[in-house]
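Subject: Handover of a predicted model

Dear colleague,

I am handing over the structure below, together with notes on what was found in it. Please read the notes with the coordinates open beside them.

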Amino acid sequence: MNNFRLIGTFDYQPILGEVANSPFWNWLNFRKVAGHSDDIILRYQSIEGLKPISSIMTDFQCVDYMVQALFPKTMQLVRETFDQPIGRVVFARMSANSQIPLHTDEGPYSERTNRHHFVVSTNRGVWFTSGEERHQMERGSIYWFNNHVPHTVENAGTTARIHLIVDTL
């Protein structure tokens, strides 16, 4: 496989414990505008000041958001997993019976970063397609994922899918 690479495993239970019943889903309501799944943004480009929305596609500098303090096990896992600079850190929850349309992540930020998925919660109905490859990611796994080619995600299951998405520079 060229678009999915298993890079490790982790104990998903402490992370699921932090995120499952969190009241902070969509607290920033930033990515929801683009039609993405529900999310909890822990680290992202700054939205302070008068900046064009397109700056999230070009700015490489990401900042820690205050909500990060409520997810200490998650942030410890991120720091222990990677020895390179960290970009965005976002929990993404995809509802049952839903799909993220085919798209390609573009712009200078995406071109310079590597995307990783920590599978916190999933079901047998979740399928990722990247390029010509189709794959199911197992819970407790960490994958490098090629988001530079057309990709889509389908959740045909009856439960939500939760991933921690981490970009490295």
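Residues are numbered from 1 along each chain as its sequence is written, and side-chain values use heavy atoms, with hydrogens and water left out.

Overall make-up

The protein chain has four helices and 11 strands, where helices (H or I, at least four residues) and strands (E, at least two) are DSSP runs numbered from the N terminus. Of the 169 residues in the protein chain, 50% are buried, a word that stands for under 20% relative accessible area, with exposed meaning over 50% and partly exposed the range in between (1.4 Å probe, protein chains only). Among the contacts (heavy atoms within 4.5 Å) with a separation of 6 or more, 74% are between residues 24 or more positions apart. The protein chain exposes about 8500 Å², and carbon and sulfur atoms supply 52% of that area; accessible areas come from the Shrake-Rupley method with a 1.4 Å probe, and for residues only the protein chains shown count as cover.

Strands 2, 4 and their partners

All eight of the eight residues of strand 2 are buried, so this strand is largely enclosed by the rest of the structure. Strand 2 runs antiparallel to strand 4, to which five bridges join it, and two strands are taken to pair if DSSP finds at least two bridges between them. Within this pairing, Ile41 has Val90 of strand 4 as its bridge partner, and Asp39 stands opposite Ala92 in strand 4. Strand 2 is also joined by three bridges to strand 3 (residues 62-64), again in the antiparallel sense, and there Arg43 stands opposite Asp64. Strand 4 is itself mostly covered, with eight of its nine residues buried, and it pairs with strand 11 over seven bridges, also antiparallel. In that pairing, the bridge partner of Met94 is Arg161 in strand 11.

Nonpolar cores

The largest nonpolar core has 26 residues, and those with the most contacts inside it are Leu42, Phe91 and Leu164; such a core is a set of buried Ala, Val, Leu, Ile, Met, Phe, Trp, Tyr and Cys residues joined through side-chain atoms within 4.5 Å. The elements that give two or more residues to this core are helix 1 (12-19), strand 2 (38-45), helix 3 (72-81), strand 4 (86-94), strand 6 (114-121) and strand 11 (161-168). A second, separate core has 10 residues, including Met94, Phe128, Tyr143 and Phe145.

Aromatic rings

The structure holds six aromatic pairs, counted where rings of Phe, Tyr and Trp (its six-membered ring) have centres within 6.5 Å, with planes under 30 degrees apart called stacked, over 60 edge-to-face and the rest tilted. One of them is the tilted pair of Phe4 and Phe145, at 5.5 Å centre to centre and 45° between the planes. This pair links distant parts of the chain, since Phe4 is in strand 1 (residues 4-9) and Phe145 in strand 9 (residues 141-145), 141 residues apart. Both Phe4 and Phe145 are buried. The rings of Phe128 and Phe145 have centres 5.7 Å apart and planes at 75°, so they form an edge-to-face pair. Phe128 lies in strand 7 (residues 126-130) and Phe145 in strand 9, so this pair ties together parts 17 residues apart in sequence.

Two arginines have their charged ends over rings, that of Arg88 lying 4.0 Å from the centre of the Tyr109 ring and that of Arg93 lying 4.2 Å from the centre of the Trp25 ring; the criterion is NZ of Lys or CZ of Arg within 6 Å of the ring centre and within 35 degrees of the ring normal.

Ser121, in strand 6, is buried, with a relative accessible area of 15%. Leaving aside residues up to four places away in sequence, Ser121 touches Leu16, Arg139, Ala160, Arg161, Ile162 and His163. Ser37 is found in the loop between helix 1 and strand 2 and counts as buried at 10% relative accessibility. Ser37 and Asn26 are 11 residues apart in sequence and 9.2 Å apart in space, C-alpha to C-alpha.

With best wishes

Key: Predicted model: local features only at pLDDT ≥ 70, side-chain atom pairs only at ≥ 80, totals over all residues.
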